[in-house]
Amino acid sequence: MESAGVILALHSPVMGAEITKEGFVLNVGGAEPVQVSCRVLVNAAGLGAQGFARHLKGLDVKTIPPQVLAKGNYFSLSGRSPFQMLIYPLPVLGSSGLHASCDLSGRVRFGPDVEWVDHIDYRVDPLREPQFAASIRRYWPGLPEGALQPDYSGVRPKIARGSPHDTDFMLQTVHDHKIPNLINLYGIESPGLTSSLALAEEVATHLLP
């Protein structure tokens, strides 16, 4: 990105923003607070997208969709892996199911499940182990007792709890909020990383030449 002229500013939280006749003004915090002006603004803040939009003065809050947090927990397998490839069971509402995946060291993790939460918390509850074990034994009946241990979790920013086909990937343009050169990306959850280039191409079609 930097070789293409991008300036990467870490530890620089946007504390607020305002729509002006020339474009946008962002109030950036951090060790050295500063104001940044721009003609085009792309809100791709993931879990923070709705929060940023609510602090953008001049944006109609009615255009901001609700945020639903879907926590995905993972448990890892202690011992030798029985699999040589990824294992994907049938998906469930809000998730691709408790699939088995291997990291570069050969460790196996199972997940994610779906835990609807009202705040971000990355701790994995050990009491979810029986649910994991029951789901895994549907495709691996030989899972030993006590072989699962809490691993890690992630939180996905959905916009509804309905069908998995209409609860993510909302791209808002001037046609939605009436503000030129503002792109809001909501609900860019887990598949957003692997779809990032396609999303970027779509965003680029709505920007100034």
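Trainee: How many bridges join E1 to strand E2, and do the two run parallel or antiparallel?

Mentor: Keep in mind from the start that this is a predicted model. Strand E2 covers residues 24–28, and one of the places where E1 meets E2 is Gly16, whose bridge partner there is Asn27. The two strands run antiparallel, and the number of bridges that join them is 5.

Trainee: Which residue in the turn between E1 and E2 has a positive phi?

Mentor: E1 and E2 form a hairpin, and 4 residues lie between the two strands. In that turn a positive phi of about 150° is found, and the residue that has it is Gly23.

Trainee: Which residue in E5 does Ala17 stand opposite?

Mentor: Strand E1 spans residues 14–19 and is joined to E5 by 2 bridges, with the two strands running parallel. Looking across from Ala17 to E5, the residue that stands opposite is Leu56.

Trainee: Which strands stand at the edges of the open sheet?

Mentor: The open sheet has 4 strands with mixed pairing, and their order is E3-E2-E1-E5. A strand at the edge has a single partner strand, so one side of it is left without a neighbour in the sheet. The strands in that position are E3 (34–38) and E5 (56–57).

Trainee: How many disulfides does a search of the whole structure find?

Mentor: Two cysteines to look at are Cys38, which is partly exposed with a relative accessible area of 24%, and Cys102, which also counts as partly exposed, at 36%. A disulfide would need a pair of cysteine sulfur atoms within 2.5 Å. The number of disulfides that the search finds is 0.

Trainee: With which side chain does the side chain of Asp121 make a polar contact?

Mentor: Asp121 lies in the loop between strand E9 (115–117) and helix H2 (129–136). Leaving aside residues up to four places away in sequence, Asp121 touches Lys71 and Ser153. The polar contact of its side chain, at 2.7 Å, is with the side chain of Arg123.

Trainee: How far apart in sequence are the parts that the pair of Tyr74 and Tyr152 ties together?

Mentor: The count of aromatic pairs comes to 6. Tyr74 and Tyr152 form one that is stacked, with 4.6 Å centre to centre and 5° between the planes. Because Tyr74 lies in strand E6 (residues 68–77) and Tyr152 in strand E10 (residues 148–158), the pair ties together parts whose separation in sequence is 78 residues.

Trainee: What angle lies between the planes of Phe83 and Tyr139?

Mentor: Phe83 is buried, with a relative accessible area of 14%, whereas Tyr139 is partly exposed at 23%. Ring pairs link Phe83, Phe110, Tyr139 and Trp140 into a cluster. The pair of Phe83 and Tyr139 is tilted, at 6.4 Å centre to centre, and the angle between the planes is 45°.

Terms used: Residues are numbered from 1 along each chain as its sequence is written. This is a predicted model: local features need pLDDT of at least 70, side-chain atom pairs count only at pLDDT 80 or more; totals for chains, interfaces and linings use all residues. Side-chain values use heavy atoms; hydrogens and water are left out. Two strands pair if DSSP finds at least two bridges between them. Buried means under 20% relative accessible area, exposed over 50%, partly exposed in between (1.4 Å probe, protein chains only). A polar contact is a pair of N or O atoms within 3.5 Å; within protein, one must be able to donate a hydrogen and the other to accept it, and residues adjacent in sequence count only if both atoms are side-chain atoms. Contact means heavy atoms within 4.5 Å. Rings of Phe, Tyr and Trp (its six-membered ring) pair if their centres lie within 6.5 Å; planes under 30 degrees apart count as stacked, over 60 as edge-to-face and the rest as tilted.
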